[in-house]
Amino acid sequence: MTEKTLHYLNCTLQGAVTVPGDKSVSHRSIMFGAMATGTTTVEGFLLGEDCLDTIKCFRKLGVTIDVQGTNVTITSPGIAAWQEPSEVLYTGNSGTTTRLMLGVLAGSKVHSIMTGDASIAKRPMRRVVDPLRLMEADIRGRANGQFTPLAIQGKTLKAIDYKMPVASAQVKSAILLAGLHAEGTTIVREDVVSRDHTERMLRQFGVTVATEGGVASLAGGQTLTATHVAVPGDISSAAFFLVAGAIVPNSEVVLDNVGMNETRDGIIDVLRAMNVNLRVSNEMNGAEPTATLTVTSSTLQSTTIGGALIPRLIDEIPILALLATQAHGTTIIRDAEELKVKETDRITAVVDELTKLGATIEATNDGMVITGPTPLHGAHLRSYGDHRIGMMGAIAALIADGEVTIDDTACIAISYPNFFEHIEQLTKSLS
Ligand code: S3P
């Protein structure tokens, strides 16, 4: 096991770190580079386990992928010439790999079987399989396609006009990617625009995608042209140090090159609403916008997080819940039932683990209610094999007055392999 015991007495955080590459963008860079014919280059790639699993899947489809540090070169014969894999495609812990690849493989020419780890085996796939079947995709799987393993016979598909029942970029992306191999124009309608990395990156690869007011559409039959992708730093990883800088006394943390896509930066709105001292500088407008974020220790106010904000910060809710334990007043997080079907049930996990640390927190049907500020104490925590729950526990340890033990910290490498190195870099013990 990779149990870790953390004890930081009177620590403060000072300095700058560059957070690893964005997980969503890294996955897509491999997938799109593999769909294109020729050589795609990627810089700033996330060497997290989820993205490495995506690479392994595409190698089994006959795509050559060379990894040199965070630079990746993808050389592909193009989706039409992929090899039929002789082995099962293993997607590990990655919902993004599993769901997006369903869309890609459904419109390919090959037969394939996908499966993942114990967490993936519990995550709902019908949300992707159902619209793909409306496109006439041939997908079989456990519980009529709700769970992995899933078998996909690639074929030419039919376009659909689909109204999304849940805000999910994974579902939207799977449909759009399948739409590239469908007859007609595929349309996806969303009430709230979920992260739009797929739409942005498809354009980088030369595909025409229309986006307006929550409607994304593309014509079938378009091919991708190999290109260069610069991956921004992951705001979902930066979130842990944004919160750490705010809650650890006498701290100043600088994070550069953080992705600031407006479909992802809901945490910035919340930090401002909670009175966090945050400076945004060096804003750059590439295919994905980036900025430098500087945070200092703050006197925090409670807030309410719900509605259209939720898809813009869904992965940041565990760490924002920790922030709320240090805010004056009652913070309400609602409309976030999607948390129940993430890597683990994140409502139960966050409430149980923060309670062990001494927080005043209650679960609701669609979120949680947290009253602060409360001092946090040492405790024995579980990560549930969920990287974001493990990191929440480690950041809590920075302000806890005793030892915090986390049962399994290996999972943190799923999205942030050098997380503990960055904690060490920033921690200057005063004792
Ligand atoms: C992701 C979309 C989100 C997010 C996940 C990554 C993506 O999931 O939680 O970590 O890369 O498209 P949903 O689409 O299920 O909301």
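A crossing of two helices is left-handed if the near helix is turned anticlockwise from the far one by less than a right angle, and right-handed if clockwise. By that rule, the crossing of H8 and H12 is right-handed. Here is a friendly tour of the surroundings of these helices and a few other spots. The model is predicted, so local features need pLDDT of at least 70 and side-chain atom pairs count only at pLDDT 80 or more, while totals for chains, interfaces and linings use all residues. Residues are numbered from 1 along each chain as its sequence is written, and side-chain values use heavy atoms, with hydrogens and water left out. Helices (H or I, at least four residues) and strands (E, at least two) are DSSP runs, numbered from the N terminus.

**The nonpolar cores**

- A nonpolar core is a set of buried Ala, Val, Leu, Ile, Met, Phe, Trp, Tyr and Cys residues joined through side-chain atoms within 4.5 Å.
- Buried means under 20% relative accessible area, exposed means over 50%, and partly exposed lies in between (1.4 Å probe, protein chains only).
- The largest such core has 79 residues, and the members touching the most others are Phe241, Leu323, Met368, Ile395 and Phe419.
- The biggest contribution to this core, 10 residues, comes from helix H8 (residues 235-247).
- A second, separate core holds 62 residues, including Met35, Leu102, Ala178 and Ala182.
- In soluble globular proteins, nonpolar side chains tend to be buried together.
- Which residues does Ile395 touch, not counting residues up to four places away in sequence? They are Phe240, Phe241, Ala244, Ile247, Ile319, Leu322, Phe419 and Ile423, where contact means heavy atoms within 4.5 Å.
- Helix H10 (residues 317-324) is largely enclosed by the rest of the structure, because eight of its eight residues are buried.
- Those buried residues of H10 are Ile317, Pro318, Ile319, Leu320, Ala321, Leu322, Leu323 and Ala324.

- Axes are lines fitted to C-alpha atoms, for helices over the stretch in contact, and angles run from 0 to 180 degrees between N-to-C directions.
- Angles under 35 degrees count as roughly parallel, over 145 as roughly antiparallel, 65 to 115 as roughly perpendicular and the rest as oblique.
- The axes of H8 and helix H12 (residues 387-397) cross at roughly 20 degrees and come within 10 Å, which means that H8 is roughly parallel to H12.
- From H8, Ser236, Phe240, Phe241, Ala244 and Ile247 meet Arg388, Met391, Met392 and Ile395 of H12.
- Seven residues of this H8 and H12 contact are nonpolar, one is polar and one is charged; Ala, Val, Leu, Ile, Met, Phe, Trp, Tyr, Cys and Pro count as nonpolar, Asp, Glu, Lys and Arg as charged, and the others, Gly among them, as polar.
- H12 also packs with helix H13 (residues 419-426), at an angle of about 15 degrees and with the axes 12 Å apart, so H12 and H13 are roughly parallel to each other.
- The crossing of H12 and H13 is right-handed.
- Met391, Ala394 and Ile395 of H12 make this contact with Phe419, Phe420 and Ile423 of H13.
- The residues of the contact of H12 with H13 are six nonpolar, no polar and no charged.

**Two buried residues**

- Gly259, in strand E17 (residues 252-259), counts as buried at 8% relative accessibility.
- Beyond four places in sequence, Gly259 touches Pro232, Gly233, Ile235, Pro289 and Thr290.
- Leu180 is in the loop between helix H6 (169-179) and strand E12 (182-183) and is buried, with a relative accessible area of 2%.
- Leu180 and Gln222 are 42 residues apart along the chain, yet their C-alpha atoms are separated by 5.9 Å.

**Backbone features to look at**

- Most residues other than glycine have a negative phi, and most peptide bonds are trans.
- A cis peptide bond joins Thr148 and Pro149, with omega about 0 degrees; Pro149 lies in strand E9 (residues 147-153).
- Another cis bond runs from Gly372 to Pro373, with omega near 0 degrees.
- Asn144 has a positive phi of about 55 degrees and is partly exposed, with a relative accessible area of 49%.
- Asn250 has a positive phi near 55 degrees and sits in the loop between H8 and E17, where Asn250 counts as exposed at 55% relative accessibility.
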